[in-house]
Amino acid sequence: MKFLSARRLAVLVGGIGVVACGLASGPDTVARKYLELGAAGDTGAAGELVQRGCDDASIMDVTAIRMMGVPMTIEKLTVTVDEKTADRATVSYTAEGSVDGKSAVTQLLGVEVKVGSVQMDSASKSGTLELVKEGLFWKIACP
């Protein structure tokens with residue numbers, strides 16, 4: 001009979017824990033993590049939560065949590081599942097916090113305009129996100 005070393009057992013149990021956590025994550029948890037990663041400027045990690053094959057710039061840049069191109073510093077985030085089927089979900093969110101950026105941009109008549117620095121001590125942004133089930137995991141849907 002072959003025994004597992006303590007190290008191999010720890011790796012095996014840790015791996016099972018990560019998979020179990022990922023399987024237990026509902027659409028609201030995935031949406032919350034996506035928004036938090038976007039606010040932190042970690043668009044690479046946020047992109048891992050997006051539907052495969054999506055190349056939509058607004059989804060990959062997490063514009064859902066940006067104001068004038070600047071990520072919000074989230075102080076309060078509410079995420080609610082509005083609709084859910086076996087393979088699709090719609091969540092709504094409201095983020096409250098602040099915005100402080102040296103170079104903001106906005107769209108004016110379809111043209112990107114640089115507006116300089118932006119600072120808001122109290123900002124709020126609400127919206128909805130669509131999610132799809134890919135295998136066992138919820139992902140942010142590509143429009």
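The legends below describe close-up views of a predicted model.

View 1. From the N terminus on, the order of elements is α-α-α-α-β-β-β-β-β-β. Of the 143 residues in the chain, 32% are buried. The chain exposes about 9,000 Å², and carbon and sulfur atoms supply 55% of that area. Among contacts with a separation of 6 or more, 62% join residues 24 or more positions apart.

**View 2. The largest nonpolar core, a set of 28 residues.** Tyr-34, Leu-35, Ile-65, Leu-129, Leu-131 and Ile-140 have the most contacts inside this core. At least two core residues come from each of helix H2 (27–39), strand E3 (73–84), strand E4 (88–108), strand E5 (111–134) and strand E6 (137–140). H2 gives the most, with six residues. In soluble globular proteins, nonpolar side chains tend to be buried together.

**View 3. The surroundings of Tyr-34.** Leaving aside residues up to four places away in sequence, Tyr-34 touches Ala-46, Leu-49, Val-50, Ser-58, Ile-59, Val-62, Leu-129 and Ile-140. Leu-129 and Ile-140 are also among the core residues with the most contacts inside the core.

**View 4. The disulfide between Cys-54 and Cys-142.** The sulfur atoms of the two residues lie 2.3 Å apart, and the count for the model is one disulfide. Cys-54 sits in the loop between helix H3 (43–47) and helix H4 (57–60), whereas Cys-142 is in the segment after E6, 88 residues apart. The torsion about the S-S bond is about 70 degrees, so the disulfide is right-handed. Cys-54 has a relative accessible area of 11% and is buried; Cys-142, at 26%, is partly exposed.

Technical notes:
Residues numbered from 1 in each chain as written. Predicted model: local features only at pLDDT ≥ 70, side-chain atom pairs only at ≥ 80, totals over all residues. Heavy atoms only, no water. Helix = DSSP H or I, 4+ residues; strand = E, 2+ residues; numbered from the N terminus. Buried < 20%, exposed > 50% of the residue type's maximum accessible area, 1.4 Å probe, protein only. Contact = heavy atoms within 4.5 Å. Areas by Shrake-Rupley, 256 points an atom, 1.4 Å probe, with all protein chains shown as cover. Core = buried A, V, L, I, M, F, W, Y, C linked by side-chain atoms within 4.5 Å. Disulfide = S-S within 2.5 Å.
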